[in-house]
Amino acid sequence: MRFVDEFRDRDLALGLAEKISKAADGKRLTFMEVCGTHTVSVFRSGLRSLLPENVRLIAGPGCPVCVTPNRYIDKAIAYSRLDGVTVATFGDMVRVPGSSSSLEKAQAEGADVKVVYSAMEAVRLALQNPQRKVIFLGVGFETTAPTVAVSIKSAEAMGVQNYFVFCAHKLIPPAMAALVKDGEIKIDGFICPGHVSTVIGSKPYESLAKDYCVPCVIAGFEPLDVLQAIGMLIGQVNEGRAEVEVQYKRAVRPDGNPKAIQTIFDVFEPTDSEWRGIGVIPQSGLKIRQAYQNRDAEAHFQAQAEPTKEHKGCICGEVIKGTKEPIDCKLFGNLCTPENPIGPCMVSSEGTCAAYFRYSAGGQLAELRAAVEQLPDAKPIDPLADLEQDEGDGED
């Protein structure tokens, strides 16, 4: 396929990997691929196996479903149980576990939960069902936010009074800065998200590179894109530079998409926002502006959500921060699988746990372990029991 096959050429990939190995020259380097789509590409293409041992890739918080906290999910479930309310959402949010339930379980119990493929489909749903109040779950980064902003503007223009948005949109650059400031893991460079950058451009990362001396390269999603980006990051490290470079020049411009940016900030404004595993990051989220408050679900609906709690043993928060890998989790591949997800990182197709399970040797081992447990007389593995034992033996 033209303009795709060229970025998947095996010989070129091996050549780039060899250049990376020589350029790294024994330096221990850790690069974070921020975007969940990059994580999937890395696993699917086996790129980790091409890199020298001293060059490490870690996944970051670039999966919007994964970073959405339980508090939001619990509230969405509570909304879905209100009389006369329909909750409309993208499909990946339906199976995300909250504190004790999910939208899927609420739907099975009688809640009106509809899967839609766009925010405008949710507006049409409200138009076709004037007797019900439709709440769309606005979850996503800068890539999704313009479409939700357009849905709010369209509902206003069409006079659709029963359409609301429960907003949880988040901004990527502040989260990247928070990870660097946290210092829990040393990040030598960022592979910046391609999709987000087509909207916001390359300029929003400049303060990150300048203030924290962290090289940034915006990359496409094919194997050669990622390998070239890694090479560019190593080049910056070797030259003592910390700049924003664009590998994905076929799609990303310095100013991004000005019309999309304007649309976002016509409807939304920055606000502090909670990220799973990271906590509250100042000015890292979006809230609906006062001019459109008649579309803000939180301003119009009262719903008592259950007390928020995290599932015992799930390390999704650490995986999002890059401090741990899925295989470090005692639940991974046993109690937690794509068919029975305990945490959101196993639900979303962009989640690190789901990608690891599908494409890595660790995931294949987990599948084999699960299959062995199905054999006659096989002794079941109880990761929770192991967890309790570990906790009991540890220090307070």
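**Stop 1: α9 against α14**

Select Ala145, Pro146, Ala149, Val150, Ile152 and Lys153 in α9, then Ala260, Thr263, Ile264, Asp266 and Val267 in α14; these two sets meet. By class, this contact of α9 with α14 holds 8 nonpolar, 1 polar and 2 charged residues. The model on screen is predicted.

The crossing of α9 past α14 is left-handed.

**Stop 2: α8 against α9**

α8 passes α9 in a right-handed crossing.

For the contact, pick Ala119, Met120 and Val123 on α8. On α9, pick Thr147, Val148, Val150, Ser151, Ser154, Ala155 and Met158. The contact of α8 with α9 has 7 nonpolar and 3 polar residues, and no charged ones.

**Stop 3: Thr144**

Step back to threonine 144, in the loop between β5 (133-140) and α9. Draw a C-alpha to C-alpha distance from Thr144 to alanine 119: the two are 9.2 Å apart in space and 25 residues apart in sequence. Which residues does threonine 144 touch, beyond those up to four places away in sequence? They are Phe90, Val139 and His169.

**Stop 4: the nonpolar cores**

Select Phe136, Tyr163, Phe190 and Phe268. These have the most contacts inside the largest nonpolar core, which has 101 residues.

Center on tyrosine 163. Setting aside neighbours within four places in sequence, Tyr163 is in contact with Ala119, Ala122, Val123, Ala126, Val134, Phe136, Ser151, Ile152, Ala155 and Arg295. Another core, of 20 residues, lies apart from the largest one. Its members include Ala13, Ile20, Val42 and Leu227.

**Stop 5: α1 against α13**

Show α1 (residues 10-24) and α13 (residues 223-239). Their axes are 10 Å apart, at an angle of about 15 degrees. α1 and α13 are therefore roughly parallel to each other. Their crossing is left-handed.

On the α1 side, select Leu12, Ala13, Leu16, Ile20, Ala23 and Ala24. They meet Leu224, Leu227, Gln228, Ile230, Gly231, Ile234 and Asn238 of α13. This contact of α1 with α13 has 10 nonpolar residues, 3 polar and no charged ones.

**Stop 6**

Go to threonine 86, in strand β3 (residues 85-89). Is threonine 86 buried or exposed? Its relative accessible area is 3%, so Thr86 is buried. Show what surrounds Thr86: Asp112, Lys114, Leu125, Arg132, Lys133, Val134 and Ile135 touch it, not counting residues up to four places away in sequence.

Next, asparagine 70, found in helix α5 (residues 70-80). Asn70 is buried, with a relative accessible area of 3%. Leaving aside neighbours within four places in sequence, Asn70 contacts Pro97, Gly98, Ser99, Arg276, Thr308, Lys309 and Glu310.

**Stop 6: α17**

Select residues 352-359. This is helix α17, and it is mostly covered, with 6 of its 8 residues buried. Which residues of α17 are buried? They are Thr352, Cys353, Ala354, Ala355, Tyr356 and Phe357.

**Stop 7: two positive phi values**

Select cysteine 213, in the loop between α12 (206-212) and β8 (216-218). Phi of Cys213 is near 55 degrees, a positive value in a residue other than glycine.

End at glutamine 283, in strand β11 (residues 279-288). Gln283 also has a positive phi, about 55 degrees, although it is not a glycine. Its relative accessible area is 43%, so Gln283 counts as partly exposed.

Note on methods: Residues numbered from 1 in each chain as written. Predicted model: local features only at pLDDT ≥ 70, side-chain atom pairs only at ≥ 80, totals over all residues. Heavy atoms only, no water. Left-handed = near helix turned anticlockwise from the far one by under 90°. Helix = DSSP H or I, 4+ residues; strand = E, 2+ residues; numbered from the N terminus. Contact = heavy atoms within 4.5 Å. Nonpolar A, V, L, I, M, F, W, Y, C, P; charged D, E, K, R; others polar. Buried < 20%, exposed > 50% of the residue type's maximum accessible area, 1.4 Å probe, protein only. Core = buried A, V, L, I, M, F, W, Y, C linked by side-chain atoms within 4.5 Å. Axes fitted to C-alpha atoms, helices over the stretch in contact; angles between N-to-C directions. Parallel < 35°, antiparallel > 145°, perpendicular 65-115°, else oblique.
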